[in-house]
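Here are my notes on the model you sent. Please read them with the structure open.

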Amino acid sequence: MIPKISSSEITPKSVYLSRRDFIKAAGVLAGSLALTACGVAAPETAGPTSAAPADGTAKSDEKGSPATSYRDITTYNNYYEFTTDKAGVADLSKNFATRPWEIEVGGLVNNPGKFSVDDLVKKFPPEERIYRLRCVEAWSMVIPWVGFPLAGLLSAVEPTSAAKYVRFESIFKPEELPGQKEPWYPWPYQEGLRLDEAMHDLTILATGLYGGELPAQNGGGLRLVVPWKYGFKSIKAIVKIELTAEQPATLWSSIAPNEYGFYANVNPQVDHPRWSQKTERRIGELSRQATHMFNGYAEQVASLYDGMDLAKNY
Ligand code: MTE
C-alpha cells in the first residue's frame, strides 16, 4: 500500500495456550511430516513455533479454509517501520526484542496503568483464534493467532462515560526501526477503533501465532487483530492504548484520506480508488477468490454499522 507520496522451557507455552491446544501443539513434529506429504499447508520452517496440530488435520478457520503456512505468515509482511519490502521484514526484524514488552493504557479511564505482556497473558489467558486477514492490497491469509479479547483489558481499566474511541500507538525507536528514519510517514504508526468495535469479542490483542510466540515481524510483543477490517487496522508492536472522546487520527488516513478511511471495513462493493476490492489472492493458493462483506464476519459485526453509509464511511 505504497501511498501516493512516494522462561522456562514449558511454562510460556502453557500460558499462551489453553490446555487442549497445548496438548495438540506438543505433538507437532510427527504431525507436520505427514501433513507435508499430503500437500496440506503445513509449516515449512523448523522450530518450536512452527506448530501444526498433531491430530492429523491441518488448522483451518470456521469456514474450512486451511491456515496459511507458518513460513508465508512470517516471511510476507507489511511492516513499514522496517521496510516497504514484504520479503525483507523477517530478516530486518530478527534482532528486534519483543520481550520484555510494556504497554501503557490511559486516557478517559478510571484505572490507567502500565502492563507487561507477560502479566497480561496471566490475567487474560490467551486462546487460539483462526482468522482470515484481508489486506487492503487485495491479498489474504488465514492466520492461527493466539490472543485474548481486547474487551477484557478495556473493562479492567474502566472507560469513563466520555470515552467513545480507542487509539493505538506503535513503538517509536528509529535507531532499531530503519523505516522510521524515512521522512515520508508520520511516525509512530497509529490506529483507532470506535469503542463498540474495540469491545467486540472478535477483536483481540495477539500475543502469538501457530501456538508459539508472536514473531517480531508479525507485531510482537503485542498486536491488534480486527478480522473484519482491512489489515492496516491491525496495528503491530503496540506500546500505548488511549481512550478518547474524539475519533483518533490514523497513519494511513492522514497520508491518503481518499484511499484509506477510519473504518476500513472489508467491503467488496467499495473499490479502492486504484484497484478493485471484489476479489483477493489467498497467499499460497493459485486462483483468486471472492472477497466477502466484512471479510465473512457480517453475521457477527454488521449490526455495528446499522444505518451508516459504508460507501461514505469507508
Ligand atoms: N502495524 C505497524 N505498526 N506497521 C505497519 O506497517 N502494516 C499493516 C498492519 N499493521 C503495519 C502494521 C498492514 S498494511 C497489514 S496488511 C498488516 O499489518 C500485515 O500483517 P502481517 O505482516 O502480520 O501479515
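1. Start with strand β5. Tyr165, Arg167 and Glu169 point one way from β5, while Val166, Phe168 and Ser170 point the other way. Every one of these residues is buried, where buried means under 20% relative accessible area, exposed over 50% and partly exposed in between (1.4 Å probe, protein chains only). That makes 6 of 6 residues in β5, a strand that is mostly covered. Helices (H or I, at least four residues) and strands (E, at least two) are DSSP runs, numbered from the N terminus.

2. Before going further, note the ground rules. This is a predicted model: local features need pLDDT of at least 70, side-chain atom pairs count only at pLDDT 80 or more, and totals for chains, interfaces and linings use all residues. Residues are numbered from 1 along each chain as its sequence is written, and side-chain values use heavy atoms, with hydrogens and water left out.

3. Who are the partners of β5? On one pairing, 5 bridges join β5 to β6, and the two run antiparallel. β5 also pairs with β10 in the antiparallel sense, over 6 bridges. Two strands count as paired if DSSP finds at least two bridges between them. Valine 166 shows both pairings: its bridge partner in β6 is leucine 193, and in β10 valine 166 stands opposite leucine 243.

4. Now the whole sheet. It is open, has 5 strands in the order β2-β1-β10-β5-β6, and its pairing is mixed. Neighbouring strands are turned against each other by 20 degrees on average, direction ignored. Axes here are lines fitted to C-alpha atoms, for helices over the stretch in contact, and angles run from 0 to 180 degrees between N-to-C directions. At the β2 end, β1 and β2 run antiparallel and are joined by 4 bridges. Glutamate 102 stands opposite serine 116 in β2.

5. Helix α7 (residues 150-157) packs on this sheet. It touches β1, β2, β5 (165-170) and β10 (238-244), and its direction makes about 60 degrees with that of β10. Contact means heavy atoms within 4.5 Å. Which residues of α7 are buried? They are Leu150, Ala151, Leu153, Leu154 and Val157. These residues lie on the same side of α7, because they cover an arc of only 165 degrees around the axis. The arc is that of the directions from the helix axis to the C-beta atoms. An α-helix has 3.6 residues a turn, so residues three or four places apart point the same way. After α7 comes glutamate 158, with a positive phi near 55 degrees.

6. Look at the core next. The largest nonpolar core has 81 residues, and Ile241 and Trp252 touch the most other members. Strand β4 (residues 139-149) gives the most to this core, with 6 residues. A nonpolar core is a set of buried Ala, Val, Leu, Ile, Met, Phe, Trp, Tyr and Cys residues joined through side-chain atoms within 4.5 Å. Leaving out residues up to four places away in sequence, the contacts of isoleucine 241 include Leu150, Leu153 and Leu154, as well as Val166 and Phe168.

7. Tryptophan 101 deserves a look. It sits in the loop between α5 (89-92) and β1 (102-107). A polar atom of its side chain lies 2.7 Å from the backbone oxygen of isoleucine 238. The C-alpha atoms of tryptophan 101 and isoleucine 238 are 9.2 Å apart, although 137 residues separate them along the chain.

8. Most residues other than glycine have a negative phi, and most peptide bonds are trans. The bond from arginine 99 to proline 100 is cis, with omega near -15 degrees. The bond from tryptophan 187 to proline 188 is also cis, with omega near -5 degrees. Alanine 138 has a positive phi near 75 degrees, and alanine 237 has one of about 50 degrees. Alanine 237 lies in the loop between β9 (223-225) and β10.

9. Last, serine 140 in strand β4. At 1% relative accessibility, serine 140 counts as buried. Its side chain makes a polar contact of 2.8 Å with the side chain of glutamate 280. A polar contact is a pair of N or O atoms within 3.5 Å; within protein, one must be able to donate a hydrogen and the other to accept it, and residues adjacent in sequence count only if both atoms are side-chain atoms.
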